[in-house]
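Hi,

Here is the structure I promised to pass on.

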Amino acid sequence: MQLVDRFNRRITYLRISITDRCDLRCLYCMAEEMTFLPRAQILTLEEIYTIASAFVDLGVEKIRITGGEPLVRCGALDLVEWLGRLPLKELVLTTNGMRLSECAGRLAAAGVKRVNISLDTLRPDRFRRITRFGELDRVLSGIETARRAGFARIKLNTVVMKGYNHDEVADLVRFAVDKGLDISFIEEMPLGVIYEHDRSAVHYPSDKVRADIEQVFTLLPTPERTGGPARYFKVVGTETKVGFISPLSHNFCADCNRVRLTVEGRLLLCLGNEHAVDLKQIVRRYPGDREKLQQAIVSAMALKPKQHYFDLNERPVILRHMNATGG
Ligand code: SAM
Ligand code: SF4
């Protein structure tokens, strides 16, 4: 059986947020004071595995583990090992890199093919300002450990904000080239209410980022599509790919192939809409009933909206922060 929505899009990619907690407080992602979910409200690792394997039976080929910061959850590595035994084409993980030095070896051994590591700046003072209490050195050594751990590919993720890090995009590409990594530049999305900055004032569109990089490097478009709001380019003469993730300035919903599972067990059909189905209720009410779970997943596809609309000049319509969404 396969998962197909009303617009004939095949859903093959599941992103799972395994915790809403994090050891950082990035300005664009969270408010400084956050209330996290109580334990009883979040899926257990076993429940996450049950739901993930039901998706795999329904044709999902790729799973991304994310959060919050996935590596702060106790038992995260056990879960990754269980998921690594499912018949997936790709198991990937997104992390802020703070704990990679300790975890990279086990992740690679568990079958994680690629890791995405968030890195918005190469300057320690800016890093602290953007993440509120992160240590750049720790992330840089996490990146080094990951490079040696044997992942097929490592990608950096950079959220670009005017006045915070927009003038560093070429330096970050240089860093990626020197280390043999890929890098994606992301437009900040209006997810959750934040007070420290005005999102429309710091918006720095992907086209500008690309023009800034092209002052220094030659970029060649690649045909690669991942079914999301990203376009990829090769840095000529290097192994590095540069991606532009532009949910605001470009809308690629027609190719969308993904859904998200929140740590509360809500299946979100679209990043920019609230359409959701409560899978926690199904796994708790009918434990062991795989058919019920699969039926709920299949029927949820009818709720997947055609596209999202983000408007930085409006108050966010999506009140959940990115950590609760699973970026
Ligand atoms: N903690 C991990 C990390 O930072 O990589 C994984 C979760 S984080 C929510 C996933 C990605 O979402 C990160 O690359 C982060 O930069 C990005 N992100 C968070 N809030 C965002 C926002 N409002 N707009 C765009 N990207 C955002
Ligand atoms: Fe934490 Fe990642 Fe959000 Fe930063 S982007 S606060 S590291 S979950």
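Let's start with helix H3 (residues 100-109), where Leu100, Cys103, Ala104, Leu107 and Ala108 are the buried residues. "Buried" here means under 20% relative accessible area, "exposed" means over 50%, and "partly exposed" is in between, with a 1.4 Å probe and protein chains only. Helices (H or I, at least four residues) and strands (E, at least two) are DSSP runs, numbered from the N terminus.

Before you go further, some housekeeping. This is a predicted model, so local features need pLDDT of at least 70 and side-chain atom pairs count only at pLDDT 80 or more, while totals for chains, interfaces and linings use all residues. Residues are numbered from 1 along each chain as its sequence is written, chains are lettered from A and ligands numbered from 1 in the order in which they are written, and side-chain values use heavy atoms, with hydrogens and water left out.

Back to H3: what do its buried residues pack against? They meet H2, S3, strand S4 (114-118) and helix H5 (136-149), where contact means heavy atoms within 4.5 Å. After H3 comes Gly111, which has a positive phi, near 105°.

An α-helix has 3.6 residues a turn, so residues three or four places apart point the same way.

Is Val80 buried or exposed? Val80 counts as buried because its relative accessibility is 1%. Leaving aside neighbours within four places in sequence, Val80 is in contact with Ile65, Leu91, Leu107, Ala110 and Val112. Val80 and Gly111 are 31 residues apart in sequence, and their C-alpha atoms are 8.3 Å apart in space.

Now for two strand residues. Ser184 has its place in strand S6 and is buried, with a relative accessible area of 0%. The side chain of Ser184 makes a polar contact with the side chain of Lys155, at 3.1 Å. A polar contact is a pair of N or O atoms within 3.5 Å; within protein, one must be able to donate a hydrogen and the other to accept it, and residues adjacent in sequence count only if both atoms are side-chain atoms. Beyond four places in sequence, the contacts of Ser184 include Lys155, Tyr232 and Ile245.

Val277 is in strand S12 (residues 276-278), and at 18% relative accessibility Val277 counts as buried. Leaving aside neighbours within four places in sequence, Val277 is in contact with Gly265, Arg266, Leu267, Ala300 and Leu303.

On to the ligands. How many residues surround ligand 1? There are 19, and the closest are Tyr28, Gly68, Glu69, Ser118 and Met189; a residue is near a molecule if one of its heavy atoms lies within 4 Å of it. An oxygen atom of ligand 1 is 2.6 Å from an N or O atom in the side chain of Ser118. A nitrogen atom of ligand 1 is 3.0 Å from a polar backbone atom of Tyr28, and a nitrogen atom of ligand 1 is also 3.0 Å from a polar backbone atom of Gly68. On its own, ligand 1 has 540 Å² of accessible area, and the protein covers 96% of that. (Accessible areas come from the Shrake-Rupley method with a 1.4 Å probe; for residues, only the protein chains shown count as cover.)

Around ligand 2 you'll see Cys22, Leu24, Arg25, Cys26, Cys29, Met30, Gly68 and Asn96.

Finally, the whole protein: there are 11 helices and 12 strands, and 58% of the 327 residues count as buried.

Cheers
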